[in-house]
Amino acid sequence: MLKVNSITENFMAETPGRALEMSGLMEETRHVKEREKTKSLKRKDKKCFTCTECGRSLSNKENLKVHMRIHTGEKPFTCSQCGKSFRDASNLNKHMLIHTGEKTHTCGQCSKTFLRASELNDHLRVHTKEKLYSCALCGKSFANQTSLRYHQKTHTGVREYVCFECEKTFITAAILKQHQMIHTGEKPYKCAHCDMRFMYLGSQKTHERTHTGEKPYKCIHCDKRFSRIENQKSHERIHTGEKPYMCSHCNKRFRDAKCLKQHQRIHTGEKPYKCSHCDKRFSCIGNQKSHERMHTAEKLYKCSHCDKRFRHLGNQKSHERIHTREKPYRCSYCDMRFSQLRSLKIHENIHSGEKQVRFSQSETLKNTQECHV
């Protein structure tokens, strides 16, 4: 026995580092076993509450109580602003953010804010260009499952949600709910700067930019900014030449759906807008408003570089390019650029071989010829 102890002491003395390592491993193993034993005891002590309707197990009685409301339909928590009810307080608190406008989740890339963390995560894919979900029918990709499910219904043609007032059908319940506000006249969203009210939160936020002057959307090709994302996208097509909207009557193509809708009234003859001073009617509201200024002699639009004023916004913008020398219109056949859309159309006729253009003034003809030269 004395001999064995002596050998052990000699080994420990000769290899102190190894002995220390072995001792540490034994101590760590002992702690792991103790932790596993504690967890096992906790699991045994933990009570399990089972739903009698679907068999789902919940960790405590309160969670079971909330879960049972799925089966009973009970919604005891009601929003004081719009009367909408919820099963639990947490969902009510999330809903209240819609009314308060509080957006606690901020994008680190562009500082855009969101009501929910899930909305922020979906938005982040805009920056990463990540599109995880693909349509099996056409291969189009989407950043989130909600957008994919909505898109897939365009293939199936299923419109399962019906308005009981007018029998119009919709793809999703959310769109139906928004539509029904037309019948009820409900406008839950109020402008923070004036008394105007809106059916949709997005409409409220867009309107408020008329007060603040905020233009969060910037063209990726130039420095021009916009208050509405649809205006940004439409403008960018000036640079790319893209015209995705085609008229079903004459195959003419347009940069945005609004221009297409206005154009189609040429074929249908529809003129829904009437002048408030005379009997003249118009196919688009912009033309109606412009015409009415002929009666009032009102010139709302002032050049930001000089004191000249205009009845039409388009004329103001066209005039301002004299100062800025901006040429946003590019020929689809060559690299020439123009400050006016009319000049572009005249120039493109040279390439397309369309009918000869006549001018009412020799000065206009001379200016156009200089463009070609």
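**The nonpolar cores and their surroundings**

A: The largest nonpolar core is made up of six residues, namely Leu97, Ile98, Leu115, Tyr189, Cys191 and Phe198. A nonpolar core here is a set of buried Ala, Val, Leu, Ile, Met, Phe, Trp, Tyr and Cys residues joined through side-chain atoms within 4.5 Å, and buried means under 20% relative accessible area, with exposed over 50% and partly exposed in between (1.4 Å probe, protein chains only). The model is predicted, and local features need pLDDT of at least 70, side-chain atom pairs count only at pLDDT 80 or more, while totals for chains, interfaces and linings use all residues. Residues are numbered from 1 along each chain as its sequence is written, and side-chain values use heavy atoms, with hydrogens and water left out.

Leaving aside neighbours within four places in sequence, Tyr189 is in contact (heavy atoms within 4.5 Å) with Ile98, Met196, Arg197, Phe198, Met199, Tyr200, Leu201 and Gln204. A second, separate core has five residues, among them Ile238, Tyr329, Cys331 and Leu344.

Leu344 belongs to helix H13, where Leu344, Ile346, His347, Glu348 and Asn349 are buried. Helices (H or I, at least four residues) and strands (E, at least two) are DSSP runs, numbered from the N terminus. The expected span of a helix is 1.5 Å times one less than its number of residues, so the twelve residues of H13 (residues 341-352) should span 16 Å, and this agrees with the 16 Å between its end C-alpha atoms. Just after H13, Gly353 has a positive phi of about 75 degrees.

Turning to the cysteines, a disulfide is counted when two cysteine sulfur atoms lie within 2.5 Å, and by this rule there are zero disulfides. The sulfur of Cys163 is 3.7 Å from the closest cysteine sulfur, in Cys166, which is too far for a bond, and Cys163 is buried at 0% relative accessibility. For Cys284, the closest cysteine sulfur is in Cys259 at 9.3 Å, again too far for a bond, and Cys284 is buried with a relative accessible area of 8%.

Finally, Arg225 is found in strand E14 (residues 225-226) and is partly exposed at 40% relative accessibility. Leaving aside neighbours within four places in sequence, Arg225 is in contact with Lys215, Pro216, Tyr217 and Lys218. A polar atom of the Arg225 side chain lies 2.9 Å from the backbone oxygen of Lys215, and the side chain of Arg225 also reaches the backbone oxygen of Pro216 at 3.5 Å.

Key
Polar contact = N/O pair within 3.5 Å; in protein donor to acceptor, adjacent residues only side chain to side chain.
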